[in-house]
Structures are given as C-alpha cells and as structure tokens.
Amino acid sequence: MDNKTITVTSPLLPNLDEFHSMLKEIWDSKWITNNGSFHRQLEKALAEYLKVPYISLFTNGTLPLITALQALRISGEVITTPYSFVATTHALWWNGIKPVFVDIERETGNIDPAKIEAAITPKTTAIMPVHVYGKPCKVKEIQDIADKYGLKVIYDAAHAFGVEVNGESILNAGDMSTLSFHATKVYNTIEGGAMVMHDEKTKKRIDYLKNFGFAGETEVVAPGINSKMDEMRSAYGLLNLKQVDAAIEARHQVAIRYREALKDVEGVDFWDDMPGVKHNYSYFPIFINAEKYGETRDSLYFRMKSDGVLGRRYFYPLISTFSTYRGLPSAAPENLPVATKIANEVICLPMHHALSDEDINKVLNCIIKK
Ligand SMILES: Cc1ncc(COP(=O)(O)O)c(C=O)c1O
C-alpha cells in the first residue's frame, strides 16, 4: 500500500516521548502485568470519562463478551443481531449458546425491538444487541421486553465508546456492556477492551474471571480465563484518553463534510446525528441504491479501491450467512430482510482523526464524479 492510499481508519497513536517515559517507569518497577499501577489508573480514568460506575479492563473486546455470558450463566438461546462483526455471535457459540437472529431497523442498523418478542421461546435467556457504528439501540424498549420475560441484556458496545443519550452513558444500559479498544476503534489500546457493570460485587467477580478465577493466592472461585490487560497497553491507553476528545471532534468535522457534499447525490443515503445523542463518529456508512445511483455498491467499492480509497463493506456479508450460522432457522434471509438489504448497500467511508481536506475531497470525488 502506497502512502497516498486512504485507509478506512488510522490508529490514534500516543505521543512517543510520553509513552517512552511511561515505559521507563514500567521497566524500573518491573511490574508488567497483573493489575499493576497503570491498569488501576486506566480503570479509574475510564470510569470517570465514560460516566460509568464500574469498569474492568480486558485484553480485547471479544473476551469480555464471552466472560459476560459466563458470569451471568447465560445458556439456551440468545436473541441477537446479524448486522455486526462476527465476534458478537462467536461469543455465543463459544459458550454453547444458540444464536437467534432478529432483523434490524433501517433507521439505525440496530436490532428492531418490535421483532424481538416473536423470537422468544422457553429456551431464551438473554438478548445481546449491538450499538452498531456507535448508534444507540432503543434501550428502553429492549429493557421492557427483557423485564417482561425475565431475560438478561448484554450490550456489545464495541463501537460505542463515549456515546451518551441525554447526558447519560449508553454503556449503563442493560446488565453489562462490553467495549473494544482495538487499533481500528475511536479509542484504542492497540488490542484491548473492557466490561462495564453496575455494582462492585460484579466488578470483583469479573476481575476474578479474567484472571483464571483466582480470588487470592490459593483460591480459585470459578473456571476463569486469562484476559488481563498488561501495563504497556494500560499506559498507552492513559495517553490516548488525553487526546480522544480531539480525535472525536476531528471525526465529527469529517462527518459534516461528507454529509454536506453527499446530501444531493441521488442514490446515496446516510444517517444524520440522532437528537439528544453525543456521537463518537466511529464510522461513516453510506448506502447505495444501485438503481438510483446508476452503479452497484460493489462496483463503486472496487472503483474507489482502484483509485486508492479503501472503504469497507461493514457489515457484509451478514453474520447469519457464514457457514457456522447459515443453517439456523433464524438465519434465513426472509427472516432478515432489512439486514440483508443494508448489508448489500453499505460502504463505510474512510473515517478517522487524521484525514486531510485533500483526502476527504478524494473520497468524495470517487462518489460524486462517477
Ligand atoms: C461489534 C464488535 N464486537 C466485538 C468486536 C471484537 O473486538 P476485538 O477485536 O477487540 O476482540 C468488534 C471488533 O473488532 C466489533 O466490531
């Protein structure tokens, strides 16, 4: 890939000198993992920044999903969305749980609460929605259904770092929420993730579970896993937290430019900001109506690619079409018409803090001057 290629994302990197001094501290202390000082500092700083009561750091965004399902002893069937990254459904599979796919809403890309009840069976124990692209799910409607049927709700909030609705963190919805701090995300710790929970007792249990279940030197309280974030990545995370607001604002400006330039382009659709929502602008999906646009989504995607503009067809193909899942009754495309349509129309445009005016123009030129 040459330097002129515009990638869909670019990692937010901390200042190297500052990182170096923190590494020096780690080297001096020789404490490199297992709940060290930077790990504890980052948990405290993130809980404050994200406005959540308790948070536990993980080594990526997949293991907190798997661990949340374990901690809540979820089994049987779980209602989820096919329009996400595969890790959402894989986390269910790794726990021996049967995923039940429910269609999504056209206006947000999130699971459609109006379609959840019809998918509930006596085996259903939980709902696992995703705030896709960081757009908040209809959490009140989902919670009402969960309460009516005695179901748990675990949000895959991998995309929803810092997202708020009317001043309240979206991460406080449901029983637990999980985050990904992967390099491609708005806020990254290279690889990394977290789980958000409501009470200290749960936080303690999760802290045990991510450390093999150890509750002390000689006591193992549950069959835990190893998913601890180390000191290097915790230090890196502390530095990135200082600049994440500026990065989100830079993304916001890119979204403004894209929306302004694309608003009158026939056959190209996109979402506006939602009222009362503090967005994180983690992705900028556009949806191509081939008939109106005069070109298919895939043709535009490959044309962009040959011009050095790397969009991504997130989330295509749908999870429900992958070989592991496609035999499930709920995976039938007739059950998922909205998700199937959106997956066939979407391209996520390059979106990150470091896009220049020239980059943005180049992206737009591909789409507008076809
Ligand atoms: C919706 C969603 N869930 C889970 C994950 C898994 O996170 P990670 O890659 O940090 O394991 C990702 C991302 O990569 C994601 O996009």
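On a 1 Å grid over the protein atoms alone, a pocket is an open set of points with protein on both sides within 12 Å along at least five of seven lines. A molecule sits in such a pocket if more than half of its atoms lie within 2 Å of the grid points of that pocket. By these criteria, the ligand of this structure sits in the largest pocket. The model is a predicted one, in which local features need pLDDT of at least 70 and side-chain atom pairs count only at pLDDT 80 or more, whereas totals for chains, interfaces and linings use all residues. Residues are numbered from 1 along each chain as its sequence is written, and side-chain values use heavy atoms, with hydrogens and water left out.

The surroundings of the ligand may be considered next.

A nitrogen atom of the ligand is 2.6 Å from an N or O atom in the side chain of Asp156. On the backbone, a polar atom of Gly61 is 2.7 Å from an oxygen atom of the ligand, and a polar side-chain atom of Lys185 lies 2.9 Å from a ligand oxygen atom. Of the 390 Å² of accessible area that the ligand has on its own, the protein covers 92% (Shrake-Rupley method, 1.4 Å probe).

Attention now turns to the secondary structure, in which helices (H or I, at least four residues) and strands (E, at least two) are DSSP runs, numbered from the N terminus. Strands pair if DSSP finds at least two bridges between them. Strand β6 (residues 164-165) pairs with β11 over two bridges, and Glu164 has Lys278 as its bridge partner in β11.

Most residues other than glycine have a negative phi, and most peptide bonds are trans. Tyr314 and Phe315 are joined by a cis peptide bond, with omega about 5°, and Tyr316 and Pro317 by another, with omega about -5°. Phe315 is found in the loop between α9 (297-306) and α10 (337-345), and Pro317 lies in the loop between α9 and α10. Asn34, with a positive phi near 65°, lies in the loop between α1 (16-29) and α2 (37-50).

Definitions and conventions: A polar contact is a pair of N or O atoms within 3.5 Å; within protein, one must be able to donate a hydrogen and the other to accept it, and residues adjacent in sequence count only if both atoms are side-chain atoms. On a 1 Å grid over the protein atoms alone, a cavity is a set of points where a 1.4 Å probe fits but cannot get out, and a pocket is an open set with protein on both sides within 12 Å along at least five of seven lines; lining residues have an atom within 4 Å of a point.
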